[in-house]
Amino acid sequence: MNEILEKLFTCIEFGKINTASPYPPQMRGQEGAMELTKQALDAGIAPSEIMDTALIPAMTRVGQKFTEGQVFVPQMLLSAKAMNAALTHIKPFFQSGEVKRKGTFVIGTVFGDLHDIGKNLVCMMVEGAGWEVIDLGVDVSAEKFVAAIEKHPGAHVGLSALLTTTMTNMKTIIDKVHETHPEVKFIVGGAPVSAEFAQEIGADGYAADPQDDIKILESFLNA
Amino acid sequence: MHDSVKSTFHTYRFPYGEVLPSLDELARYLHMDGDTEHPAYAYMQERLDELATSELQAVGGYAIGAVDAVDMQGGLLTVEGVTFEAGTQVCGYLKEATEAALFLCTAGPLFSDEAHRLNAEGEFLEAYIIDAIGSLAVERAMDKIHQALKEEQAQRGLKITNRYSPGYCNWPLKDQRALFGFVGENPTGIELSESCLMHPIKSVSGVIGIGEKVRRRAYGCVVCQNKTCIYRRLVQKE
């Protein structure tokens, strides 16, 4: 791997945002994700190569470490900040079409529920895996999901719920969306949700953590 | 059925400075202990210092009633004519209770409002930290109320149990309505949504058993399915 991209990978993995960031201590004073992404572009490295070789694999590594219990939410959030810093330079190429997203993921916490920490983590990790993420927020009605699907044809949908009383609203949303868009695929997650429940309500996947969401989305691509 | 002993709501108020977690406790809760160079550490200290001087308070308390029946097989707990589907596990812990304290406590809306604002600004790490401070603050306020109840009942020669909440230990969340109905008028300002979510979010509710033969015990995480429960995280840290 190119040396700049190698450094960029490390910055994302350990949450080194820019030169001014004092963390991690062993990288103090060194350039961070912000500067290295700019350098890579200036060196003529294609933005798609930066995404595919450094940014996405680094976030995948972070997701794996989280799944394995090697890092926890604060470390993951810092990596996401570094990723966002890098993406400020890459985003114009998404808009111009020079860098292609893998697809679109519409996500929201179901109506009746206001919990958003888990959902936000999924947003960051899925975006870091190369997907466009449309975050509808919390307390999202079935109608809002339908409207988002109509605005983003071909999108897959993620539903989050943290309460036993609101997880049942997932089925209402899936049924409502499928009335007019039977092709839409759903991934569900949240503390009270299980794989069995996901199957019962007609979801296409159950994600126990953000890395699961990414794996399931990849499986949709390969289906 | 026991004679009615139903009390009005005993209120407790604690300035934030009395219920905030210490920096070490917060760091342990977030799995950050040892990583003192992480930027989260400085932010945690800054917010804890700022909140410690706040004039805001955590508010909570309980209403006590006589236990009419504990149906172990059906998992039903009846207090002063109000039946809770508390489940076989909680009923097992309360089977010797002659009275029950139904409690509410809130750390107020500040934590969720602030987390919401920070999330909207893309400051997810900071939002996560403020949310965690709120979770620990309301539990610490409830710890103090729990202790006050223990001392109050000790004067009567009675002991108390752990606290158990709807939504945990297989006690359906929908019983929040019965619980709030039992507690009645109170100054916490906590409201229930249609889906039984408490507002402010950083609030807790539940039951504590009282009696001569009840006892406090280690939380039963082994038999509970909730992998994200705050008690599981606290127990694992002990």
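I began with the order of elements: along the sequence, chain A runs α-α-α-α-β-α-β-α-β-α-β-α-β-α. I counted 9 helices and 5 strands in chain A. Helices here are DSSP runs of H or I with at least four residues, strands are runs of E with at least two, and both are numbered from the N terminus.

I noted what I am working with: a predicted model, where local features need pLDDT of at least 70, side-chain atom pairs count only at pLDDT 80 or more, and totals for chains, interfaces and linings use all residues. Residues are numbered from 1 along each chain as its sequence is written, and chains are lettered from A and ligands numbered from 1 in the order in which they are written.

**Overall form of chain A**

I looked up the extent next. The C-alpha trace of chain A spans about 50 × 35 × 25 Å along its principal axes.

I then checked burial. In chain A, 51% of the 223 residues count as buried. Buried means 20 or more other C-beta atoms within 10 Å of the residue's own, exposed means 12 or fewer, and partly exposed is in between, with C-beta atoms placed from the backbone.

For contacts, I used C-beta atoms placed from the backbone and lying within 7 Å. Among contacts in chain A between residues at least 6 apart in sequence, 72% join residues at least 24 apart.

**Core**

I found 142 residues in the largest nonpolar core, and Leu8(A), Ile12(A) and Ile133(B) have the most contacts inside it. Helix H6 (residues 124–154) of chain B gives the most to this core, 15 residues. Such a core is a set of buried Ala, Val, Leu, Ile, Met, Phe, Trp, Tyr and Cys residues joined through C-beta atoms within 7 Å.

Leaving out residues up to four places away in sequence, its contacts include Leu55(A), Met59(A), Ser79(A) and Met83(A).

**Where B meets A**

I counted 25 residues of chain B in contact with 21 residues of chain A. On the chain B side, H6(B) gives the largest share, 4 residues. That side divides into 12 nonpolar, 8 polar and 5 charged residues. Here Ala, Val, Leu, Ile, Met, Phe, Trp, Tyr, Cys and Pro are nonpolar, Asp, Glu, Lys and Arg are charged, and the others, Gly among them, are polar.

The bond from Tyr23(A) to Pro24(A) is cis, with omega near -5°. Pro24(A) is in the loop between helix H1 (3–14) and helix H2 (33–42) of chain A. With 19 other C-beta atoms within 10 Å, Pro24(A) is partly exposed.

I found another cis bond joining His199(B) and Pro200(B), with omega about 0°. Pro200(B) lies in the loop between strand S8 (198–199) and strand S9 (203–211) of chain B.

Phi is positive at His31(B), near 60°. His31(B) counts as partly exposed because it has 16 C-beta neighbours inside 10 Å. Cys196(B) also has a positive phi, about 70°. Cys196(B) counts as buried because it has 22 C-beta neighbours inside 10 Å.

Technical notes. Contact = placed C-beta atoms within 7 Å.
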